[in-house]
Amino acid sequence: MSETEILETHLQEMRRGTIVLACLRLLEAPGYGYGLLEELGQRGFPTDANTLYPLLRRLEKQGFLTSEWNTDEARPRKFYRTSAAGTRLANSLTDEFRAIATAIGALPEEH
């Protein structure tokens, strides 16, 4: 495995939890999967559909998201929204993320 491939693997692991947090924050206003996928990418959280849709279903099953179908358009869309439990989780994750960022910032840097 090349150094670049190893780095990509570690970056993917590191990003995994940040995608959950980003989804919970972005879905404080209702949104649907494809729109969320685009917004995540625009905000620096590149994600593919094969990762996002199972994540949304899991967060809904865990009670952190709610959903409803909008059938007003030709093609029905499932809209998600962060639940009260999801907001509490997002707040806790944000606090922990900031604490980790502070701890990393305090580590010595050697080049």
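Let me begin with a question: does tyrosine 80 count as buried or exposed? Before I answer, please note that this is a predicted model. Tyrosine 80 has a relative accessibility of 6%, and because buried means under 20%, tyrosine 80 counts as buried.

Where does this residue sit? Tyrosine 80 belongs to strand β3. If we set aside the neighbours within four places in sequence, the residues in contact with tyrosine 80 include Leu27, Ala29, Pro30 and Gly31. Leu56, Arg57, Glu60, Leu65, Thr66 and Ser67 are also among its contacts. Consider proline 30 in particular: 50 residues separate it from tyrosine 80 along the chain, yet their C-alpha atoms are 5.5 Å apart.

Let us now step back to the whole protein. Its secondary structure consists of 4 helices and 3 strands, and starting at the N terminus their order is α-β-α-α-β-β-α. The C-alpha trace extends over about 55 × 35 × 25 Å along its principal axes. The protein has 111 residues, of which 23% count as buried. Take the contacts between residues at least 6 apart in sequence: 44% of them join residues at least 24 apart. The accessible surface is about 8100 Å², and carbon and sulfur atoms account for 54% of that surface.

Which residues of α4 are buried? They include Gly86, Ala90 and Thr94. These three cover an arc of only 80° around the axis, and therefore lie on the same side of α4. The general principle is that an α-helix has 3.6 residues a turn, so residues three or four places apart point the same way. The buried residues of α4 pack against α1 (3–26) and against β3 (77–82), the strand that holds tyrosine 80. On the face turned away from the buried side, α4 carries the exposed residues Ala84, Arg88, Asp95 and Thr102.

Together with Ile104 and Leu107, Ile100 forms a nonpolar patch on the surface. The accessible area of the three residues together is about 290 Å².

Thank you for your attention.

Key:
Residues are numbered from 1 along each chain as its sequence is written. This is a predicted model: local features need pLDDT of at least 70, side-chain atom pairs count only at pLDDT 80 or more; totals for chains, interfaces and linings use all residues. Side-chain values use heavy atoms; hydrogens and water are left out. Patches are made of residues with over 30% relative accessible area and no salt bridge: like charges are joined within 9 Å, nonpolar side chains (Val, Leu, Ile, Met, Phe, Trp, Tyr) within 5 Å. Accessible areas come from the Shrake-Rupley method with a 1.4 Å probe; for residues, only the protein chains shown count as cover. A salt bridge is a side-chain nitrogen of Lys or Arg within 4 Å of a carboxyl oxygen of Asp or Glu. Buried means under 20% relative accessible area, exposed over 50%, partly exposed in between (1.4 Å probe, protein chains only). Helices (H or I, at least four residues) and strands (E, at least two) are DSSP runs, numbered from the N terminus. The arc is that of the directions from the helix axis to the C-beta atoms. Contact means heavy atoms within 4.5 Å.
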